[in-house]
Amino acid sequence: MDEDLIKDNAMQRARAAQYVLSAVGIDFSYENGYKVFENINIDVGQNEFVAIVGPSGIGKSTLLRILGGFLKPDRGSVYLFGKPIIRPTPDIILIHQSIVTFPWLTALENVMLSLKVRNVSDEEAEKAARNALEMVGLQGFEDLYPKEMSGGMRQRVAIARALAASPLVFLMDEPFAHLDELTAEGLRQDIYNILFSPDTPLKGVVLVSHNLTEVVELADEIYVLNNVPATVVGKVHVDLPRPRNPRSEEFNQILDALYNYLTPPKVKKL
Amino acid sequence: MNEILLITLATLATAGRVLGLILISIFTGWFLAYAAIKGKIFENIYISLIEVFESVPVISFFPIVLIIFVTRIGGPLGVEMAADFLVFTAVVWNIWIGEYQAFKTVPREMLEVAENYQMSFLTKMRRIFIPFSYPRIAANLFPSVSDGFFYITVSEVFSVGIHTYQTFGIGTVLDSLVASGQTRLIYIDLAILAVVIILIIIGLREFSRYAVSKYTVDTDAPIIRRGRLNVKQTTRLLSVVARNPLSRLAGYYRSRAISRPPEVFEKHEIRKEKISRYTSIAIGVIILGLILYSSVDLIISVPHSEWGRLFSITPRIVLYLLYDYLRVGVILAISFVIAIFLGYYLAMHSRAEGIGVPIIQALSAYPPPIYLPFIFAASFTAIHSVLGAFTDEFYVLSLGFVSTFYYIFYSFWMGVKALPAEYFEVMKNLNMGYFSRMRSIILPGTFPYLISGISSTINSAWGGLMIGEYWPDIVAGRSLEVHFGLMKFIDVQTNTGNIALAGWGSFIFGIVVAIYSILFTRRMMDLARKRYVAEEGVFAA
């Protein structure tokens with residue numbers, strides 16, 4: 001029996017090693033016993049932008065925290081290039097839905113924070129932080145405090161801080177939810193190019209959102225969560241050229257497919 | 001058996017005195033806070049006075065107590081009023097300022113609903129303002145109870161010259177037990193006091209939990225139904241108590257304009273507004289007038305020669321004050337270091353927090369002046385063999401430390417608990433080490449809490465110094481006494497019946513403390529509000 005388990009684990013790891021990030025057979029319950037997920041499997045390939053969609057309250061943000069090692073699943077494992085993730089690591093950086101900056105630090109200092117913890121010299125840290133800010137279009141704003149910035153600029157600072165940590169994977173929890181539509185649209189258009197530019201070591205992105213147009217615009221692969229407890233009810237591959245046109249027929253066909261998956265959830269009787 | 005009954009009654013009398021005065025503070029504070037938010041002039045006078053009085057330690061009121069209550073009123077009533085006044089000044093300020101802050105930060109939408117339904121004054125108070133102030137009151141009750149109990153030994157029994165004044169309570173009973181050397185009863189006395197304090201702390205924790213869960217806007221804490229007791233959860237909820245006051249404090253000075261255009265006001269409404277404004281101005285002017293009258297009356301009543309003597313001794317008083325500031329600095333430094341390490345550890349480990357915080361709460365409410373003589377008696381020889389001439393200094397600093405440490409500890413602990421959860425995720429995500437977390441995130445993020453804690457620690461350290469610097473016969477045949485110190489100077493002058501010198505010392509001390517408060521604390525708080533409000537770092541439009 002034990003030998004079977006070891007063999008299974010070895011196979012899982014070998015399979016997971018083919019992916020940047022891989023979640024295998026994830027079950028998770030809240031402390032009050034409410035079962036959130038059952039047998040969730042998600043794979044993120046090389047340079048792949050993966051989106052997870054689902055109705056409000058289904059547990060998308062919780063899943064993202066499991067992928068980042070912030071929460072421990074009841075069953076199943078998360079692998080980064082085949083290596084199990086048991087705690088948060090700078091290799092997988094979480095971008096929060098509520099934009100997180102530190103009000104007592106300037107934009108530059110906010111970004112330098114993720115470099116200082118890597119024992120980089122001050123000069124190198126500043127240089128790298130300036131590069132990261134430039135990458136997100138904030139050159140010239142290095143000395144501003146978060147309070148002096150718009151929501152969109154603050155989110156760019158948070159993304160620059162994340163990029164400066166040289167992560168392999170980005171986990172983005174509805175990163176545009178607190179921005180006005182125009183700012184969100186501008187950042188959405190920039191984000192793919194920023195993330196997968198040759199200057200970043202990034203190998204994969206997982207975006208959580210309930211905005212279906214947004215995910216079709218950005219993602220290569222879309223996982224649809226539904227039901228209680230949540231399971232992956234569908235996976236949609238988006239093979240449209242970039243930049244994508246939300247008014248095109250193909251775009252709308254994909255949107256329709258997503259809507260079909262998101263019919264009212266089935267509640268599993270326990 | 002009769003003695004145990006007497007001790008129990010005395011403990012209940014003391015507890016009743018402290019709790020009763022807290023209730024009076026709460027009740028009067030509601031009306032004063034309402035008057036303050038309704039009238040700018042009254043608000044300015046009221047808040048300025050509270051800020052000054054809050055920063056002036058209770059000891060500064062002692063000569064006033066002697067002059068007004070003991071000398072002018074006299075008799076058992078005068079002594080009882082003196083004790084009540086001292087405890088009142090220990091508990092009232094933070095409750096009044098807390099209620100004012102709560103009233104000032106009632107959400108505009110709630111006020112608009114009240115206007116929309118044309119609620120009367122009493123309905124507004126009952127349905128909106130008073131319920132909204134409960135969480136803030138709950139947060140302020142712990143330090144108020146601790147402060148109230150701290151001063152029972154000096155407020156229930158005190159000597160002026162050859163006269164000793166006392167009123168019924170645990171302080172008086174303990175004093176007579178110590179004098180007659182009844183060790184067994186002393187231990188029973190201490191144990192009964194401990195039981196009563198623990199019961200009060202449990203009650204306060206329950207009230208906090210209830211107040212936060214039911215009366216805090218936008219809390220995720222489940223609403224507690226009456227009658228359910230769950231001590232275990234209270235610690236977590238206290239953090240919510242802490243979270244909201246500070247985040248609201250950030251909006252403390254934000255103006256809240258009424259959006260309603262003036263033309264929709266009826267004539268009688270305008271008249272009512274005017275009456276309310278003029279009443280507020282009148283109350284403010286009366287308070288100022290009373291202060292001015294008492295000051296002029298006092299200045300005139302003191303002979304010129306006496307003024308000359310008082311001015312000539314002033315440089316010595318200032319020097320003594322410097323000695324005391326040095327002691328306060330040492331107490332603060334030790335408290336700060338312990339608070340940072342212990343507070344962070346407890347905030348991060350919920351199991352340890354569940355045990356550690358209630359213990360610290362109970363210990364902080366248990367008055368150190370009650371038990372210090374026993375610790376002194378048990379440890380003096382050992383400590384003296386190590387510290388020699390510095391032994392008394394050690395006990396004075398220790399008394400200062402135990403009487404004030406919990407302020408900075410609570411402030412820091414609450415500050416850590418109130419940091420946005422996202423900050424902890426970022427710290428974990430970046431694998432930040434302990435000192436890196438402290439330097440870059442935790443200390444700046446808790447800066448407003450630390451300033452508030454440091455300020456309270458400094459203010460309360462004076463109470464410990466006042467009791468410790470001159471304590472004749474702390475144990476039979478031995479006194480606790482420092483060489484130099486302003487608190488000792490005031491104590492000695494009071495003890496020898498030289499009220500004018502004691503009053504002058506307290507006056508100089510009050511002025512210095514008030515200036516310090518304005519120059520240091522206020523500036524630091526302004527800086528904290530401008531840059532170090534952690535909640536503002538999480539943008540959720």
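This is a predicted model: local features need pLDDT of at least 70, side-chain atom pairs count only at pLDDT 80 or more; totals for chains, interfaces and linings use all residues.
Trainee: Understood. Which strands form the hairpin, and how many residues lie between them?

Mentor: The hairpin is made of β4(A) and β5(A), with two residues between the strands. A:F81 sits in the turn and has a positive phi of about 50 degrees.

Trainee: How many bridges join β4 to β5(A)?

Mentor: Two bridges join them, and the strands run antiparallel. β4 of chain A covers residues 75-80. As for individual partners, A:L80 is bridged to A:K83 in β5(A).

Trainee: What does β4(A) pair with in the antiparallel sense over five bridges?

Mentor: That partner is β1 of chain A, residues 21-29. Within this pairing, A:S22 stands opposite A:Y79 of β4(A).

Trainee: In what order do the four strands of the open sheet come?

Mentor: The order is β2-β1-β4-β5 in chain A, with antiparallel pairing. β2 (35-44) and β5 (83-84) stand at the edges with a single partner strand each, so one side of each has no neighbour in the sheet.

Trainee: Stepping back, how many helices and strands does chain A have?

Mentor: Chain A has eight helices and 11 strands. Of its 270 residues, 54% are buried. Its accessible surface comes to about 12,600 Å², and carbon and sulfur atoms account for 49% of that.

Trainee: And what share of the contacts in chain A join residues at least 24 apart?

Mentor: The share is 68%, taken among contacts between residues at least 6 apart in sequence.

Trainee: Let us turn to packing. Which residues have the most contacts inside the largest nonpolar core?

Mentor: They are A:F170, A:L195 and A:I222, in a core of 139 residues. Domain 1 (1-242) and domain 3 (309-541) of chain B both contribute residues to this core, so the core lies between these two domains. There is also a second, separate core of 60 residues, which includes B:L21, B:A33, B:I97 and B:L185.

Trainee: What does A:I222 touch, leaving out residues up to four places away in sequence?

Mentor: Its contacts include A:A51, A:V53, A:V215 and A:V216. Also among them are A:G234, A:K235, A:V236, A:V238 and A:L258.

Trainee: On to the aromatic rings. How many aromatic pairs are there over all chains?

Mentor: The count comes to 42. In one of these pairs, the ring centres of B:F311 and B:W504 are 5.3 Å apart and the planes stand at 80 degrees, so the pair is edge-to-face. B:F311 is in helix α12 (residues 304-348) and B:W504 in helix α20 (residues 499-531) of chain B, so to speak distant parts of the chain, 193 residues apart. B:W504 is buried, at 9% relative accessible area.

Trainee: What is the geometry of the pair B:Y434 and B:F435?

Mentor: That pair is edge-to-face, at 5.2 Å centre to centre with 90 degrees between the planes. B:Y434 is partly exposed, at 29% relative accessible area, whereas B:F435 counts as exposed at 57%.

Trainee: Which residues of helix α17 in chain B are buried?

Mentor: In α17 (residues 434-445), the buried residues include B:S436, B:R437, B:M438 and B:S440.

Technical notes. Residues are numbered from 1 along each chain as its sequence is written. Chains are lettered from A and ligands numbered from 1 in the order in which they are written. Side-chain values use heavy atoms; hydrogens and water are left out. Buried means under 20% relative accessible area, exposed over 50%, partly exposed in between (1.4 Å probe, protein chains only). Contact means heavy atoms within 4.5 Å. Accessible areas come from the Shrake-Rupley method with a 1.4 Å probe; for residues, only the protein chains shown count as cover. Two strands pair if DSSP finds at least two bridges between them. A nonpolar core is a set of buried Ala, Val, Leu, Ile, Met, Phe, Trp, Tyr and Cys residues joined through side-chain atoms within 4.5 Å. Domain bounds come from an automatic or database domain assignment. Rings of Phe, Tyr and Trp (its six-membered ring) pair if their centres lie within 6.5 Å; planes under 30 degrees apart count as stacked, over 60 as edge-to-face and the rest as tilted.
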